[in-house]
Every structure is written in C-alpha cells, then in structure tokens.
Amino acid sequence: MNAKLKIAIQKSGRLSDDSLQIIKECGISFHNGIGKLKAEATNFPAEFLFLRDDDIPGYVADGVAHIGIVGENVLVEKGKQVETVHKLGFSKCRLSIAVPKGARYLGPASLQGKRIATSYPRLLGQFLASHQVQADIHEISGSVEIAPGIGLAEAICDLVSSGSTLFTNGLEEVETVFRSEAVLIAQPQLPADLKELLGQLLFRIKAVQAAKNNKYILLNAPQAKVERIASLIPGMKSPSIMQLARPGWVSLHSVINENDFWAVIEALRAEGAEGILVVPIEKMIV
Ligand code: ATP
Ligand code: ZN
C-alpha cells in the first residue's frame with residue numbers, strides 16, 4: 001500500500017477555518033460530511049483527522065496522526081515530543097495575565113500568594129518561576145475570564161487577541177506570558193515516504209505564504225529612468241523590461257513585498273513611474 005499522510009486538524013474552533021483554508025490553497029481537496037471524524041483527500045495521498053486541538057500534540061506524538069496544525073500555546077502546554085516544522089502565521093494570540101481593573105499591580109511580585117485561574121498551568125508556572133513568584137495556580141478548563149467576578153481567583157491567565165473579552169469582564173491585561181500562532185507539527189521520526197509527502201506539502205504551504213506576502217507590479221517608466229526604477233523593484237531575480245509602442249517609454253514587471261509596499265510605491269512615483277498596476281499572486285515558487 002502506498003504511504004498516506006495522516007493530518008490532524010481542529011474539528012471546530014478558532015483554528016479550523018484557517019487550517020482548512022491553507023489545505024485548500026495547497027490544492028488539496030476532500031469530501032467531509034458534517035460531524036465526521038475522518039476524511040480522505042481526493043488528489044493527494046493524505047487523510048484528515050478532525051480532533052479537539054488539545055488532543056492534537058498527543059496524537060501526533062503517539063503516531064495516530066503523522067502531522068498536525070495546532071497553536072503553539074497548546075503545543076508548549078502539552079509538552080509532547082513533536083517537531084515544529086513550520087509557522088503558519090494565523091491564529092495569532094497571546095497568553096496574558098489579567099487582574100480586575102483598578103487592582104494594585106506593580107509587576108509579577110504583586111502576584112505573590114495570589115490565586116490565579118488558568119487553563120495553562122504549565123506556561124503560567126514557568127512564567128511565575130522565572131520571576132521567583134509563588135502563587136496558587138487554579139486550573140479550570142473554560143470561561144477563565146469569569147473567575148475573578150465569581151470570587152474564584154484574584155487574577156487570570158488566559159488567551160487574548162483583541163482584549164475585548166477582558167474588557168467586558170472588567171479585567172486589565174498586565175503581563176504577556178507567551179505569544180502564539182498556529183504551527184505545523186510532525187512526529188519526530190517519520191518514515192522516509194511520509195517525510196517525502198510532508199516535504200511536498202511544506203513546499204506548497206511556502207508557495208502559498210510567499211504569494212500572500214507579495215504582489216505583482218506593472219508600471220510604465222521613461223527610458224531615461226529605467227535603471228533607477230529597476231533598482232527599486234528587484235523582484236525575484238530582476239524586473240522584466242519591455243519596450244512600449246510609444247518611443248522613450250518602457251514597461252517594467254516585477255514582484256514587491258507587502259511589508260514595504262507603500263514606501264516602494266512612493267519611491268517609484270518620485271522617480272517618474274506612471275500607470276502602476278498591482279495584482280495579487282496566487283502561488284509563488286522562489
Ligand atoms: P477545542 O474544542 O478544539 O478544544 P478550544 O475551545 O480549546 O477548542 P479555540 O477557542 O477554538 O479552542 O482556540 C483554538 C486555538 O486558537 C487556541 O489554542 C489558540 O492557539 C488560538 N486562539 C485562541 N484564542 C484566539 C483568539 N482570540 N484569536 C486568535 N487565535 C486564538
Ligand atoms: Zn481546546
């Protein structure tokens with residue numbers, strides 16, 4: 001039987017949509033009935049397992065799944081022996097300590113002897129130990145943000161992205177314990193045939209990510225300015241230059257990075273570039 005890569009992804013939650021999206025953008029399709037535990041890919045030797053995110057590191061470590069997509073927060077909290085293969089750039093959040101608004105907080109020492117509710121006892125424990133603070137870690141599995149309000153704890157340590165949940169519950173973020181994003185993890189000793197499939201998947205993921213971070217740019221430039229303008233948009237190797245029908249003008253095509261997009265556009269305009277078109281890229285193989 002040919003090798004098949006078993007991929008664990010979250011069944012339903014904050015990782016699910018983006019996990020499915022990246023699989024789709026990698027050109028992998030599958031049929032999945034609602035509520036199903038498994039699905040077979042139709043055009044890649046892979047099978048998907050839909051699980052609770054908390055179980056993904058364990059299943060990958062035990063070899064039930066070969067690879068998986070999970071938040072670094074869960075990965076580190078579970079402490080399983082798996083390999084982090086690649087950062088995926090979505091589900092970014094932070095694990096933070098928050099106290100009731102107006103409470104006196106002067107740094108980690110203010111947590112000494114306090115009761116802190118969290119679903120992340122290991123990460124919180126490491127943070128407290130690194131600040132030589134002894135506190136009572138009270139582990140609860142959900143709705144951590146209500147703990148101070150019902151008198152269960154004097155502080156919480158929970159995941160935050162915008163901070164609106166904290167705000168609604170009258171809490172104030174005071175420390176960042178851990179920064180997290182979704183990562184692709186793998187069983188450390190994958191057999192060669194599965195490793196090969198993981199390599200193929202990773203190649204596609206990188207092409208999808210590179211495409212998202214870059215744009216295709218076309219512009220017109222006076223012949224006299226070509227060198228200066230070309231140096232602003234070096235692209236993957238160098239820009240293409242084509243003669244326009246109108247004498248003294250050329251068209252340049254290249255790729256520019258999202259990060260310095262506006263700065264480059266300004267510089268191009270200052271050098272006399274005109275008719276600038278910017279187009280999304282679907283895949284980018286560097
Ligand atoms: P499950 O039922 O699978 O156990 P869950 O309720 O534990 O789900 P979710 O709330 O779906 O988990 O969060 C899954 C992961 O998404 C978290 O472990 C974290 O990595 C990330 N995450 C959590 N909160 C946010 C947020 N506010 N913004 C972005 N990502 C987040
Ligand atoms: Zn969970």
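Predicted model: local features only at pLDDT ≥ 70, side-chain atom pairs only at ≥ 80, totals over all residues.
Asp 53 counts as buried because its relative accessibility is 17%. Asp 54, at 27%, is partly exposed. Buried means under 20% relative accessible area, exposed over 50%, and partly exposed in between (1.4 Å probe, protein chains only).

Ligand 1 has 16 residues around it. Gln 10, Arg 14, Asp 54, Asn 73 and Ser 161 come nearest. A residue is near a molecule if one of its heavy atoms lies within 4 Å of it. Asp 53 places a side-chain N or O atom 2.8 Å from an oxygen atom of ligand 1. For Asp 54, a side-chain N or O atom lies 2.7 Å from an oxygen atom of the ligand. Arg 14 uses a polar backbone atom, 2.7 Å from an oxygen atom of ligand 1.

Five strands form an open sheet with mixed pairing, in the order E8-E7-E9-E6-E10. Strands E8 (136-139) and E10 (171-180) are the edges, each pairing on one side only. Neighbouring strands are turned by 25° against each other on average, direction ignored. The axes are lines fitted to C-alpha atoms. Strand E6 (residues 93-100) pairs with E10 in the antiparallel sense over 8 bridges. Within this pair, Arg 94 has Arg 179 in E10 as its bridge partner. Strands are DSSP runs (E, at least two residues), and two of them pair if DSSP finds at least two bridges between them.

Ala 8 belongs to strand E1 (residues 5-10). Ala 8 is buried, with a relative accessible area of 0%. Ser 162 is 154 residues from Ala 8 along the chain, and their C-alpha atoms are 27 Å apart.

Residues are numbered from 1 along each chain as its sequence is written, with chains lettered from A and ligands numbered from 1 in the order written. Local features need pLDDT of at least 70, side-chain atom pairs count only at pLDDT 80 or more, totals for chains, interfaces and linings use all residues, and side-chain values use heavy atoms, leaving out hydrogens and water.

Definitions and conventions. Helix = DSSP H or I, 4+ residues; strand = E, 2+ residues; numbered from the N terminus. Axes fitted to C-alpha atoms, helices over the stretch in contact; angles between N-to-C directions. Polar contact = N/O pair within 3.5 Å; in protein donor to acceptor, adjacent residues only side chain to side chain.
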